[in-house]
Amino acid sequence: MSSLKKYFILYAKAGRRRWLITWLTFCYLLKWLLMVATVGILAGTASALFLTLLEMATHFREKNLWIIGFLPVAGFLIGYVYHRWGQIVVAGNDLIFQRIQQPSGSKVPFLMTPLVLLATVLTHLVGGSAGREGTAVQMGGSLADQLTPWLRLKPRDREILLICGISAGFSSVFGTPLAGAVFGLEVFLLGHIRYSALLPSLLAAFVADAVTTAWGVIHTQYTLIDAPELTLLSLGGTVLAGICFGLAAQLFSRSTQAVTRFFKSAFIYAPWRPAAGGLLLILLFWLLGTTKFAGLGVPTILTSFTTQLPSYDFLIKIALTAITLGCGFKGGEVTPLFFIGATLGNALFPWIPLPLALLAAMGFVAVFAGAANTPLACTFMAMELFGTSFGLYAGLACAVSYIFSANTGIYSAQMVGKSKYHFYNRFKNKRINDI
C-alpha cells in the first residue's frame, strides 16, 4: 500500500474520531443544559419567593418597630423547630459543601428549603442582623440534589449538580450571574477551582438570574464607580485598604465562631440559645438607640457611598451579626459583610487618599472576599455591580484581603486544597477553621 493511501486512511480515521468527539461533546452540553435549566428554574423561583417575602418582612418591621421585642420568642421558635425536626439540616451551607466533597453521601433533604426560607424571613421580621446568601445557597443546593436519585447521577455528576445549585442560588439572590458561577466553583475548596463544572455552573447561574428577574424581582441598584487612573499613590492606598478589609474579615469570622462556642457551652438545650441571643440583641438595640443595624442594612450601605458615617459602624455590625448567627438565628453572612466592608471603607476615607465611593465599594466586596475566601467571585461581583472600570481596584483589594484574612472563614466545612501560604501547605485537606 502506497504511503499516500495510508495517509488518507489515517486521516479518515482521525476525522471520524473528531466527529465522534464533537458529537459526544454536543450530547454532554445538551444533557447539562437540560439539567441546569431545571436547577436554575427551581432556584430562581425559590429566590424570587424568598426575596419577595423578605422585602415584605423588612417593610413591616420598619413600619412597626415594636416587633423587635419578639426577638426572643422568634429565636426560641426557630431553635425549637430545628431542634425538633431539622437536626439533619441544621448544618446549613456546610452540609451542602460536605456533599460536594463526599458526593457518595446521602441526599440533602428537601426539608432544608422550607425550613431555612421561613426561619430567615422570621429572623428579618424581628430585626435579626443577618443576610440572605446562606438561605439562597441552601435552597439552591437542596433543590438541585432532589434530582440526583431521579437522574441516577454518578458521584462526579452529582458533585457538579450541587455546585450548580450553589451558583444558581447565589446568582439569583444578588443578580450577579458571573459572580454566582465563579462562587460555586471557588467556595468549597480553598485554592482550587473545579473547571469541569465551569460550563454547567455558568448556565445554571444565568438561568436562575433570568428566572428571578422574570418573576418581577428588582435587585438593589448601586452607583457605577468612576475609578481614577491607577498611580503609585492609589496603588499603595488600595493595598493598605485591602489589609484593613482582610483583618476585618478575620475579626468577623473569629467573632462568629467565638459566639457560637459560647452559646453552645452556656445553653445545653438548643432552643434557649437564640432565645437568649434575642434578649441580648434587644438590649443592644435599646442601648444604641437605633435600628439601622437590624436586618440587611441596605440603606446604610447605600449611604456609605456618599456620606461620612460614624467610624465605628462596622464594628457594631460585626458584633450584632456575630450574635445573631452565632446564637442560632438563620440567614446569610454576605449582606452584613457588604455592610461591614462599605462602612469600613467609609471610615478609612480620612486616612487613605482615595475617593469615598471607591473605598466603600472596595470594602463592599473585599471583606466578603476575605471572609468567604472567594477573591475571584468577588472581583466579578464588583464589576457586575459597580462597572468594569472598577475591576482593577476591586481585584487588588480582594486579593490582599484574601491573604490577610489568614486561614479563617465563615464556612467551617470549607476545605484547604492549597493553602494561601506555601509554608502552610502541610494543612492540605483540612477544614479552614481547624488550621
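I looked up N373 and found it buried, at 2% relative accessibility, where buried means under 20% relative accessible area, exposed over 50% and partly exposed in between, with a 1.4 Å probe and protein chains only. The phi of N373 is positive, about 60°, although N373 is not a glycine. I placed N373 in the loop between α15 (356-372) and α16, with helices taken as DSSP runs of H or I of at least four residues and strands as runs of E of at least two, numbered from the N terminus.

I note that this is a predicted model, in which local features need pLDDT of at least 70, side-chain atom pairs count only at pLDDT 80 or more, and totals for chains, interfaces and linings use all residues. Residues are numbered from 1 along each chain as its sequence is written, and side-chain values use heavy atoms, with hydrogens and water left out.

I then turned to A406, a residue other than glycine whose phi is also positive, near 60°. A406 sits in the loop between α17 (391-404) and β2 (415-416), and is buried with a relative accessible area of 17%. For context, most residues other than glycine have a negative phi.

Next I looked up the pockets, a pocket being an open set of points on a 1 Å grid over the protein atoms alone, where a 1.4 Å probe fits, with protein on both sides within 12 Å along at least five of seven lines; lining residues have an atom within 4 Å of a point. A volume here is the space filled by probe spheres set on the points, which are joined across faces, edges and corners.

The largest pocket holds about 1,100 Å³ of space. I found 41 residues lining the largest pocket, with V90, A91, T260, K264 and L325 the closest to its centre. Elements giving two or more residues to this lining include α2 (71-84), α10 (232-266) and α13 (313-327), and the largest share, eight residues, comes from α10. By class, the lining of the largest pocket divides into 16 nonpolar, 18 polar and seven charged residues, where Ala, Val, Leu, Ile, Met, Phe, Trp, Tyr, Cys and Pro count as nonpolar, Asp, Glu, Lys and Arg as charged, and the others, Gly among them, as polar.

For the second largest pocket I noted a volume of about 690 Å³. Its lining has 30 residues, of which E55, R132, T220, L296 and V298 lie nearest the centre. Among the elements that give two or more residues to this lining are α1 (3-63) and α16 (375-386), and α1 gives the most, with eight residues. I recorded 16 nonpolar, nine polar and five charged residues in the lining of the second largest pocket.
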